[in-house]
Every structure is written in structure tokens, then in C-alpha cells.
Amino acid sequence: MSLQRFQMFIRGEVCDATNDARYDSMDPATASAWATFPDASAADVDIAVKAAEQAFYGKEWRSLTATARGKLLRKLGDLISENTELLAQLESQENGKLIRETRGQVGYLPEFFYYMAGLADKVEGETLPIDKPDMMAYTIREPIGVVAAIIPWNSPLYLTAIKVAPALAAGNTVVIKPSEHASASIIELAKLAQQAGFPAGVLNVVTGFGPTAGSALTSHPLVRHIAFTGGSATARHVVRASAENFAHLSLELGGKSPQIVFPDADIDSAVNGIVAGVFAASGQSCVAGSRLLIHESIYEEVVQKIADRAARIQIGNPKDAATEMGPMTTEAQLNIAEKLVATALEEGATLRHGGQRPELGDASLTGWYYQPTLLECPKPSDTLMQEEVFGPVAAAIPFKTEEEALALANDSRFGLAAGIWTRDLARAHRLCRDVRSGIIWVNTYRVVSAMAPIGGFGESGYGRECGIDAVLSYTEKKTVWINLSDTPMADPFVMR
Ligand code: NAP
């Protein structure tokens, strides 16, 4: 089968790497190559950043009013809506996510652009009640400049939208470096932006590898803001790279999110929330609820119900609408899951379900599949209770009291999300106050909205995406002083 050939998108045009280098991208369901992409070098990244810098100061972009920028974003939202099927198919192809999930995610994608379109002309400065006679002072919010968006492979379009929509609404220009495993849908998005009428150079995509293209982008002196989503190890490189140029940073990193189940919860609802929270997208979700803290009185019932449901999950071709769980996106990620499960068993965990690569009926599905896996871990300090798997692996532990549940929930260096399952309103609010986490879901899980901020505590990162503040985070505040008096400035070196 011939491979699909993709090109990068720079200054409003598709292009190859200047040295024509390319790499193959793999289909996670079959472990065979399906497409090739340009392997950008530092020189290509430099071209893209300079295109974005030129567009930032160019008349075409600068002369647009904020309202006009909002209209372009709205148009882009409409075009995404018209191309939902193309984008959903590409994303499912490249990262192995279920087509029914990518259709849902892409179907909601326009909302991020519509919401940020509405905010574009509501970025206001302030008049300051200043304490100096005859002085007036006010602030202006201005775009920062070239934004570098570094995107992982698990939800490429969604994670791009929540960066690009507010960055463009505020008047910045953007260079995106998608993951080498999932670049196709993002390239199509950039082409749609061009079709919507964004000037050339406002939105650019360079493809390639993290240590080369990613590193060249995050350390480029013209990049003024880095919006990074990925793992903590890579984030440390990015923070160091940003230090050279003092670029602004927002970091959306990993998690080890707790799901806390109390005896008064609707148990079946909690089980469904837990199964969806950790096995959807084969667990490759930053908010995967992978630490199950379950009250001792219902512990066995809940664990058994999760194991039973896990055993019935239909694993198969992500393009088949009946499939409930697809492959993992990369072989490396599958190896990490296997290694962490082996470590958990060595440390004394009990396997309740999974722990193997599944036997699939379809001989063509030779890709990176792993069973939904549930283990009971005896100690909160166990590796599986502390380390992110980024795979379909849950670790369960019982608790006796609310205080113990809270201590277990906060016993993590991460703090991205948490689920609380209880009908007791006071307890729910107490835990919402005391659990250290950027998102808390009560009697639900994994709901997102353009209007609700996303971000973490601790090693889950800093900065917030989505919501009103997202646009402000892509602006700089300028303070203007005006002397209102007619008295000339005195010579500062003449004694009076
Ligand atoms: P990753 O290995 O950290 O990669 C993330 C991005 O960084 C990719 O585009 C990668 O490119 C690039 N990169 C790698 N090395 C780089 C370097 N030295 N300089 C600049 N960029 C570099 O993460 P991943 O494995 O793709 O994604 C999984 C992680 O992302 C998990 O920890 C997950 O929890 C986290 N995540 C967080 C959120 C959130 O919103 N909080 C959402 C989704 C995922 P290549 O892929 O081409 O190497």
C-alpha cells in the first residue's frame, strides 16, 4: 500500500523540509506505516518562526480589529464543522483513538473557536485610580508575539484548539509542533485556517521530532510564549529552553488522578464513571482517573463490578463503530504499561483483570493493544499508585474514613483531576475545597467545556487553558502614564 504523503504548512503554503528529509508514521492498530511527514530541522523551524514573526508585525494581521479577528475564528469554527468527518478519520487513523470518540471530539471543536471568537473584542484595559495629582494612568492588553504550541499525540486537535483559539483571539501568531505520531489532522486544521481568511504566516505547522524540531522551536529567540502539553520529563527541557529567552510558559502535564467512592454513592454510576475515566482512549488521557480510592464497606462490590465491565469491553479496530477500546498509540507506551504492571505485581499487587496483550479475532490487528487492567495495590507508596501509566491500567485501594480518603487523594506529586462519588453535599464540598487538584468532578468524570479552565497543581503543570482567562494569558499588560498638568517638567538637576 502506498503511503499518504503530508507536507508542513508555513507562510500559507504547504512545503517539505529544506533537506527533503522524511519519516514514516505508524498505524497503531496494525503496526505498519501509513503516511510520511517532513522531518523538520532547526533551519525549517527558523523559517516558520520568522514567518510567524513577520505576520505578527505585518499590516494585514495588525490592521484587523479584534472584532474582525473574532469573525475569522468563527469562520474557522464553521469550516471545522463542515470537515468533521475528514478530521475525525485522520485523528483516529494516526493515534488509534475510536472513530466514535474522535467524531465526538471534533464535533465539539468549533465551540472552542466560537467561544474565543466572542472573547476577542472583550480584552479590555483599565483606567487606574492613581495616587498622583495631575497624572492619569491606564493599561492596555497587547498580544505577546509568536506563540509556540507543542502538542502530544493523544488528543491532537482538541489540545491544539485550546491553545490556538485564544492565542489568535488575542492577536498573536502561532507555530505548532505536533507529535511526530499525530501531525496529519493538525496540518489540515492549518489549511482550514488559511481558507477561513487568516493571513499567511499567522498559523504555521512544522512536523518532526521533539529533540530536534521541538527543541529548536522552544529555544528560538523570537518565540515569546510556549504553550506546552506533554510529560514532565519533556517539560523540564522546555522550561530550561525558555530560560534563555524568558518566554512566557504554560504547562499542561500528566496526572495520577484519584476517583474517590463513598458508600452513599450511586454505585453503578460510579463504576461507569471509573470505567470511562480510565479505559476510554485506552487510558491515554491526561485526566485518566487511575487511582481508585474506595470505601472499605463497598470495596469488593465496586472492584468486582469494574473487573466485570472491563472483561466485557470490546477491543478491536478503532474505525469500527462497535469497538469500545482501541490500541495504544505507540509501542513505547505499551511497553511502559507492561513494565509498570510487572513492577506492581513484584511489589505485591493483586491482578483483578487484564495485564496481557489481548487475543483479537482479526488477524490484521497486529498493533499495540493492551487489555483493560485492574490491580489492587496494598500501599499508597506503591509505584502504580504514584506513577502515571498513560495506559488502560487502574490501581485500587480501600479507605476507612473521609480523612483517610483525603490524605490518599493528596498523596501524589501530581494534581490534575479528581472524581468524587457521593450523595452527601457537605462532604462533596469539603473535598472540593481540600483535594489539591486543578479539576474536580462530582458524580461525573471527564467532562470538558470551552468555558471551564483546565490545568494542574504540582507536577501537573501551571497556567490554565479554556475559560475567559485563557485569552488574557496570551496578552501582555502595558501601563500608560499621561501628565495632565500644563506645568513643564522641571530640570531634575537644578536645586529649587
Ligand atoms: P511528550 O513525550 O512529553 O511529548 C509532548 C510533545 O513534546 C510532543 O510534541 C513531542 O514531540 C515534544 N517534545 C519531545 N521532546 C521535546 C523537546 N526536547 N523539546 C520540545 N518538545 C519536545 O508527551 P507525550 O508522550 O506525547 O504525551 C503524553 C504526556 O502528555 C502524558 O504525560 C500526559 O499526561 C500529558 N498530557 C497532558 C495533558 C493536559 O492537558 N494536562 C493532555 C494530554 C497529555 P515528539 O512526539 O515528536 O517527540
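The model is predicted, so local features need pLDDT of at least 70 and side-chain atom pairs count only at pLDDT 80 or more, while totals for chains, interfaces and linings use all residues. Residues are numbered from 1 along each chain as its sequence is written, and side-chain values use heavy atoms, with hydrogens and water left out.

**Surroundings of the ligand**
- The shell around the ligand holds 30 residues, the closest being Ile151, Glu180, Thr234, Leu253 and Glu388 (a residue is near if one of its heavy atoms lies within 4 Å).
- Two or more residues of the shell come from each of α8 (210-218), β11 (223-229) and α9 (232-245).
- With 5 residues, α8 gives the most to this shell.

- A polar side-chain atom of Thr234 lies 2.6 Å from an oxygen atom of the ligand, a polar contact being a pair of N or O atoms within 3.5 Å.
- For Ser179, a polar side-chain atom lies 3.0 Å from a ligand oxygen atom.
- Gly210 places a backbone N or O atom 3.3 Å from an oxygen atom of the ligand.

**Helix α7**
- The end C-alpha atoms of α7 (residues 184-196) are 19 Å apart, which agrees with the 18 Å that its 13 residues should span at 1.5 Å a residue (1.5 Å times one less than the number of residues).
- In α7, 10 of the 13 residues are buried (under 20% relative accessible area, 1.4 Å probe, protein chains only).
- Among the buried residues of α7 are Ile186, Ile187, Leu189 and Leu192.

Notes:
Helix = DSSP H or I, 4+ residues; strand = E, 2+ residues; numbered from the N terminus. Buried < 20%, exposed > 50% of the residue type's maximum accessible area, 1.4 Å probe, protein only. Polar contact = N/O pair within 3.5 Å; in protein donor to acceptor, adjacent residues only side chain to side chain.
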